[in-house]
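Let's take a walk around this protein together. Have the sequence and the 3D view open, and look up each residue as we get to it.

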Amino acid sequence: MTETWTLILGLAAATFAVRLSGYLLGRRLPEHGPWARGLRALPGCLILSLVTYLLMQGGPQEWAAGALSLAVALATRSLPLTMGAGIAAICLIRAYF
């Protein structure tokens, strides 16, 4: 029983340390300047790189879903709607074609 509690306490301490280090590091990040602009652009760049990789590995079905997603993105300028449309499109295309 002692080993179990030691493991639980060790994992709790590790989780707390990871969260605390993230908080402390986040406070040191710049709010203005080129580094701040780069960090704000990072999530969009990551999504774009993942989608590009999947399109390059995919076939006509993925390209059709990508084209539909691009049309939704241009029409609505909404990331959640674009992502939802892309997911729905690839699911429907794969199910019916």
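## A loop residue with a positive phi

Start in the loop between H3 and H4, where you'll find Arg-77. (Helices are DSSP runs of H or I with at least four residues, strands are E runs of at least two, and both are numbered from the N terminus.) Arg-77 has a phi near 55°, a positive value in a residue other than glycine. Is Arg-77 buried or exposed? Arg-77 counts as exposed because its relative accessibility is 70%; the cut-offs are under 20% relative accessible area for buried, over 50% for exposed and partly exposed in between, using a 1.4 Å probe and protein chains only.

Before going on, a word on the model: it is predicted, so local features need pLDDT of at least 70 and side-chain atom pairs count only at pLDDT 80 or more, while totals for chains, interfaces and linings use all residues. Residues are numbered from 1 along each chain as its sequence is written, and side-chain values use heavy atoms, with hydrogens and water left out.

## One salt bridge

Side chains of opposite charge can pair when their charged atoms come close. Here the count comes to one salt bridge, meaning a side-chain nitrogen of Lys or Arg within 4 Å of a carboxyl oxygen of Asp or Glu. The partners are Glu-62 and Arg-94, at 2.6 Å from N to O. Since Glu-62 is in helix H3 and Arg-94 in helix H4, the pair ties together parts that are 32 residues apart in sequence. Glu-62 counts as buried, because its relative accessibility is 18%.

## The largest pocket

Now find the largest pocket, with a volume of about 920 Å³. A pocket is an open set of points on a 1 Å grid over the protein atoms alone, where a 1.4 Å probe fits, with protein on both sides within 12 Å along at least five of seven lines; lining residues have an atom within 4 Å of a point. The volume is the space filled by probe spheres set on the points, which are joined across faces, edges and corners.

Which of its 26 lining residues are closest to the centre? They are Ile-47, Val-51, Gly-66, Ser-69 and Gly-86. Helices H2 (34–57), H3 (60–76) and H4 (79–96) each give two or more residues to the lining.

Trp-63 is in helix H3 and counts as partly exposed, because its relative accessibility is 46%. Between Trp-63 and Phe-97 there are 13 Å, C-alpha to C-alpha, and the two are 34 residues apart in sequence.

Over in helix H4 sits Ala-88, partly exposed because its relative accessibility is 36%. The C-alpha atoms of Ala-88 and Ser-69 are separated by 9.7 Å, with the two residues 19 apart along the chain.
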